[in-house]
Amino acid sequence: MPNNVLYAQSGGVTAVINASACGVIQTVRRHPRTFGRIFAARDGILGVLKEELIDLERESDATIAALRHTPGGAFGSCRYDLGDPDTHPEQYRRLVEVFRAHDIGYFFYNGGGGSMDTALKVARIADQMDYPIRSIGVPKTIDNDLACTDTSPGFGSAAKFIATVVREASMDVESMASSGTKVFIMEVMGRHAGWLAAAAALAQQAENTPPMLILFAEIPFDQADFLRRLNAVIEAHGYCVVVASEGLKGPDGKLLTVAQAHDVYAYTQLGGVAPMLARMIKEETGHKIHWAVADYIQRAARHIASRLDVEQAYAAGAMAVRFAVEGHTGFMPVIKRLCDQPYLWTVDRVPLEQVADIEQGLPRDYITEDGYHITAACRRHLAPLIDGEDYPPYDNGLPNYVRIRGELLEKKLPVFSPEGG
């Protein structure tokens with residue numbers, strides 16, 4: 001069986017996806033009897049199709065170790081879905097050609113639910129095209145919407161960032177509320193899942209401190225009811241913090257805003273909820289408003305990462321390899337919660353079929369009946385996920401992050417265009 005290893009990153013990156021990469025690479029290097037050489041595809045599955053493979057033997061142990069505290073996607077990521085094998089057979093033939101040309105027997109794909117679908121399609125190559133490839137998913141997503149896992153690596157750090165900046169911004173607003181801003185709006189990511197919006201509630205040091213309304217992707221937005229609640233909060237407390245999921249939907253189930261109406265590889269970019277809400281509140285109430293969009297900052301903020309998140313991200317990568325050493329394939333490692341207080345966890349695995357293209361939203365019983373806050377059960381679930389600090393090293397007052405050499409292997413195959421076949 002071919003024994004070289006190929007690792008790749010996919011989808012929107014996180015503050016800790018490179019920690020998973022570190023876990024994969026270091027663990028592969030500890031098993032020389034099982035694995036041969038290890039490569040990384042540049043820009044995810046696109047790099048595999050283009051035969052753009054990074055030679056990780058050119059990367060030092062120190063560089064790989066430093067990936068654990070480095071944000072972004074060190075090897076490049078992509079949003080690209082493989083087509084159906086029946087309609088796009090050329091993609092699968094190409095994958096097998098690349099795997100065979102470089103003696104690749106193990107493929108680790110680090111991403112969210114869509115990426116797990118890609119990993120599943122690759123896993124099925126072994127049966128459909130008679131090539132012995134072991135395809136394994138490695139979980140990540142700040143949206144926390146992966147199925148079967150207690151949390152998704154990347155979420156805890158993004159949640160910690162959001163809760164921190166909401167707490168700090170609310171104290172700023174409170175200072176000037178008597179004569180200035182009455183409403184501060186923060187738009188957070190969350191296409192169909194309100195987990196990140198829910199995390200903002202962790203900013204509260206006590207009930208209504210700060211006073212807050214949360215607009216979840218799972219709860220249809222009712223403008224009249226929202227404005228009534230907003231005015232009541234301002235009357236009672238002098239100001240209000242509003243945290244809104246980018247995937248906020250109207251009563252008809254349609255997105256209220258879309259940043260780009262066209263699709264990029266079947267991916268619609270969301271955004272614009274915060275300014276939309278600001279205009280509406282200004283027109284209907286006259287309150288002075290400030291708004292902010294966390295956007296990429298919430299997923300890139302490695303300087304304030306959750307220590308637990310870093311540990312789980314690394315463990316997900318390392319255990320993916322260890323399970324592969326045991327002979328398993330077609331699976332994704334998952335975090336299993338053993339206890340709430342103290343928070344105890346372990347790593348298990350589930351078949352890719354159980355997580356591929358499946359989104360797990362915020363459970364309804366984690367949202368209060370009125371639809372604007374989180375329940376005590378949700379707070380108990382979220383609180384340990386942001387625990388602990390894992391600061392990167394600093395140099396001249398700024399985080400010191402690493403960059404890989406990124407030297408590509410020599411190509412052995414003809415040029416292939418993923419767009420054109």
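The entries run from the whole chain down to single residues.

**Ground rules**

I am working with a predicted model, where local features need pLDDT of at least 70, side-chain atom pairs count only at pLDDT 80 or more, and totals for chains, interfaces and linings use all residues. Residues are numbered from 1 along each chain as its sequence is written, and side-chain values use heavy atoms, with hydrogens and water left out.

**Whole chain**

I looked up the secondary structure first. The protein chain has 13 helices and 13 strands. Helices (H or I, at least four residues) and strands (E, at least two) are DSSP runs, numbered from the N terminus.

Next I checked the overall dimensions. The radius of gyration is 22 Å, close to the 22 Å that the globule rule gives for 421 residues, so the chain is as compact as a globular protein of that length. That radius is taken over C-alpha atoms, and the rule is 2.2 Å times the number of residues to the power 0.38. Along the principal axes, the C-alpha atoms fill a box of roughly 70 × 45 × 40 Å.

I then asked for burial. Of the 421 residues, 57% are buried. Buried means under 20% relative accessible area, exposed over 50%, and partly exposed in between (1.4 Å probe, protein chains only). The accessible surface comes to about 17500 Å², and 48% of it belongs to carbon and sulfur atoms. These areas come from the Shrake-Rupley method with a 1.4 Å probe; for residues, only the protein chains shown count as cover.

I also looked at contact range. Among contacts with a separation of 6 or more, 77% join residues 24 or more positions apart. Contact means heavy atoms within 4.5 Å.

**Cores**

Which residues have the most contacts inside the largest nonpolar core? I found Phe 75, Phe 108, Val 166, Phe 216 and Val 243, in a core of 79 residues. Helix α12 (residues 307-325) gives the most to this core, with 10 residues. Another core, of 37 residues, lies apart from it, and includes Phe 39, Leu 82, Ile 133 and Ala 147. A nonpolar core is a set of buried Ala, Val, Leu, Ile, Met, Phe, Trp, Tyr and Cys residues joined through side-chain atoms within 4.5 Å.

Leaving aside neighbours within four places in sequence, Val 243 contacts residues including Val 166, Met 186, Ala 200 and Leu 215.

I turned to Leu 215 next. This residue sits in strand β7 (residues 212-215). Leu 215 is buried, with a relative accessible area of 4%. Beyond four places in sequence, Leu 215 touches Phe 221, Phe 226, Leu 277 and Tyr 372, among others. Glu 187 is 28 residues from Leu 215 along the chain, and their C-alpha atoms are separated by 9.5 Å.

I checked how covered helix α5 (residues 113-123) is: 10 of its 11 residues are buried. Among the buried ones are Asp 117 and Lys 121. Their cover includes α2 (44-49), α4 (89-101), β4 (104-111), α6 (125-128), β5 (134-139) and β10 (331-339).

Ser 135 is in β5 and counts as buried at 0% relative accessibility. Residues up to four places away aside, Ser 135 touches Ala 119, Val 122 and Ala 123, among others. Asn 110 is in β4 and also counts as buried, at 0% relative accessibility. With the sequence neighbours up to four places away not counted, Asn 110 touches residues including Tyr 7, Gln 9, Ser 20 and Lys 140.

I kept one rule in mind: most residues other than glycine have a negative phi, and most peptide bonds are trans.

Where are the cis bonds I noted? One runs from Thr 209 to Pro 210, with omega near 0°. Pro 210 is in the loop between α8 (195-199) and β7. Another runs from Gln 341 to Pro 342, with omega near -5°. Pro 342 is in the loop between β10 and β11 (344-351).

I noted positive phi values too. Asn 208 has phi of about 65° and lies in the loop between α8 and β7. Asn 208 is partly exposed, with a relative accessible area of 31%. Glu 51 has phi near 60° and lies in the loop between α2 and β3 (53-55). Glu 51 is buried, with a relative accessible area of 2%.
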